[in-house]
Amino acid sequence: MQRRNFLKIAGMATMSAITSGPALGQPESPDKPNIIVFISDQRRFGLSKGHGYPADTSPTLDALETAGLSFENNYCTAPLCVPSRISMLTGRWPVAHRVRMNLQARDAFFTEDMYQVAKKHGYRTGLAGKNHTYLKEGDLDYWRPYSHDSGPIDASSHPESAAFEEWLKGLHYNVAEEPSPFPLETQLTYRITTDAIRFIEDSSSQPFLLQISVPEPHDPEQVPTPYWNMFPPESVSARCAGPEALSSMGPRARWEYNLQQDNFPDTEKQWRRYVSNYLGALRMIDDQVKRLTEFLDQKQLTRKTLVVFTADHGDYLMDYSLGRKGVGLYEDLTHTPQIWWGYNVKHTSAGKSAFTSMADLMPTLCEAMGAEIPAGVQGRSLWPLLQGQDYPAQEFRSITSSAGVGGLYYEEEDHIPTSISHDKDRPGSWDELNKVTQSGNQKMVRMGEWKLVYDMMGYGAMYHLKQDPCELHNLFGNQKYKDIQATLMAELAMWDIRLEDTLPTGPQNGKYQTKWPRAHNWYSPYHRGEAPPNPFIP
């Protein structure tokens, strides 16, 4: 069997189709909305005025939240690019799709991804921006791939685009200490949005599924005028903690800090510049979202198009003196935005309480298209919630995420030099994702005001996030909170068991046939007895 798209068994049991209501003003294709997935790289949750942050980084997205629906307890399946993005495409957690690091995208294991489902239902498919998955040219109808420092350049590109890319490469993924000397039109986010608009213009009346994937605010943290110093370094908010917190964060976090400082010593010294540039990049992205929405309005496509804005993972943003990502399952890295607007989306209170995941996008889009949810999908459809329908609160009472490639942790006694993770051909460059930071396995569960992290050694951490949002006070093992800990451990065990892969399904005949949760891929309607955990015997 092939790992990708491996299951082609006739008559396979799949989810029943749940079609959406009639599209507003779209007589040519009433049940097939256009779909845009706008994904920002390494963008953590909450950095806008709409969420209480002092800097006005995202006025357009804040306004779209008030008209649409923002899931405020949304988490990536893993806090690094490739596993998270494959979860978005397939609706499966890394433990099931089998990609747990950025170098093994081709190992992805699933039946059908969201693009394959869309093609079967008459959609034109496209990617404008960063890929960083198993997708390749020829898989989609439109293919404009970008990396973090380059993208397609043609006759329509700004004449300084190539020079900008050379300047960008020269940053070696580190924070810029001066504004980009090139105009906004050379920036990758601007060019990607231009490509997206061209794709939409060329789609005519055919429904489309388009991924707009911007590399920002991922490192290198850089912006041009007017975004440089739009949020001056001296004005940025204080950090949760600085380097003093590293003493309680474990040896791998300290090793990552040493890696960062050994290769680019100015990182900690320039922490305010790092944050300033990052916030400027958020505003630059927001202005491109505005540009896109104005185009959709102009073409009378807004009410015909379902849009979701999300991120693959977050960024430490110099909390604990760490930049980028790397060790652990901290809120900085796992808590991400998921904002919906457009076709049939109603603004309700569901986004305040429901815990959601990157894996929930795929089944949601399937139901929006009127398609069956493929076998092996683990995410839960949010389509009823987006339409303002009733939903079982128990289904969305918690969520889980994971990190690590397995084996044992590398520890101080292993004497791993930080030089293993820098490129000798690019002075000052360093990669925070490596055998040290990604060693071992950790899993977390978020539920209510609480968070629990547990690993393969039996080490645990528990935080009351309402009182300790920076996760500085570990309450795991504290007898005062033993009942809460027991509840969270049971919840994590439930998620761990539920995410055991159902693929391959086997023959799916009368003797062996999987019973799938038919409605929206929800488990809670089948629950018996009291709220879990309970002593019911199936």
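Strand E11 (residues 440–447) is mostly covered, since 6 of its 8 residues are buried, where buried means under 20% relative accessible area, exposed means over 50% and partly exposed lies in between, with a 1.4 Å probe and protein chains only. Strands (E, at least two residues) and helices (H or I, at least four) are DSSP runs numbered from the N terminus. The model is a predicted one, in which local features need pLDDT of at least 70 and side-chain atom pairs count only at pLDDT 80 or more, while totals for chains, interfaces and linings use all residues. Residues are numbered from 1 along each chain as its sequence is written, and side-chain values use heavy atoms, with hydrogens and water left out.

**The sheet**

E11 belongs to an open sheet of 4 strands in the order E10-E11-E12-E13, with antiparallel pairing; two strands pair if DSSP finds at least two bridges between them. The edge strands are E10 and E13, each of which pairs on one side only, and the twist averages 10° from one strand to the next, taken from axes that are lines fitted to C-alpha atoms, with angles running from 0 to 180 degrees between N-to-C directions. Strands of a sheet pair through backbone hydrogen bonds, either parallel or antiparallel. The bridges for each pair of strands are set out here.

| Strand pair | Bridges | Sense |
|---|---|---|
| E10 and E11 | 7 bridges | antiparallel |
| E11 and E12 | 6 bridges | antiparallel |
| E12 and E13 | 5 bridges | antiparallel |

Individual residues show how the strands are set against one another. Ala403 stands opposite Gln442 in E11, and Gln442 in turn stands opposite Asp455 in E12. Val445 has Leu452 in E12 as its bridge partner, whereas Lys451 stands opposite Tyr463 in E13.

E11 and E12 form a hairpin with 2 residues between them, and Gly448 in the turn has a positive phi of about 60°. E12 and E13 form a hairpin with 4 residues between them, where Gly458 in the turn has a positive phi of about 85°. Of the 5 residues of E13, 4 are buried, so this strand is largely enclosed by the rest of the structure.

**Aromatic and charge–ring contacts**

A search of the whole structure finds 15 aromatic pairs, counted where rings of Phe, Tyr and Trp (its six-membered ring) have centres within 6.5 Å, with planes under 30 degrees apart called stacked, over 60 edge-to-face and the rest tilted. The rings of Phe396 and Trp522 have their centres 5.9 Å apart and their planes at 90°, so this pair is edge-to-face. Phe396 lies in the loop between helix H13 (383–386) and strand E10 (398–406), and Trp522 lies in the segment after helix H14 (482–498), so the pair ties together parts that are 126 residues apart in sequence. Both Phe396 and Trp522 are buried.

Another aromatic pair, Tyr454 with Phe476, is tilted, at 6.0 Å centre to centre and 35° between the planes. Tyr454 lies in strand E12 (residues 450–455) and Phe476 in the loop between strand E13 (460–464) and H14, so this pair ties together parts that are 22 residues apart in sequence. Tyr454 counts as partly exposed at 28% relative accessibility, and Phe476 counts as partly exposed at 24%. Elsewhere, ring pairs link Tyr142, Phe199 and Phe208 into a cluster.

Charges also sit over rings, a contact that requires NZ of Lys or CZ of Arg within 6 Å of the ring centre and within 35 degrees of the ring normal. The charged end of Arg291 sits over the ring of Tyr190, 3.9 Å from its centre, and Arg498 lies over the face of Tyr523, at 4.1 Å from the ring centre.

**An enclosed helix**

In helix H12 (residues 361–369), 9 of the 9 residues are buried, so H12 is largely enclosed by the rest of the structure. The buried residues include Pro363, Cys366 and Glu367. H12 is followed by Gly370, whose phi is positive, near 80°.
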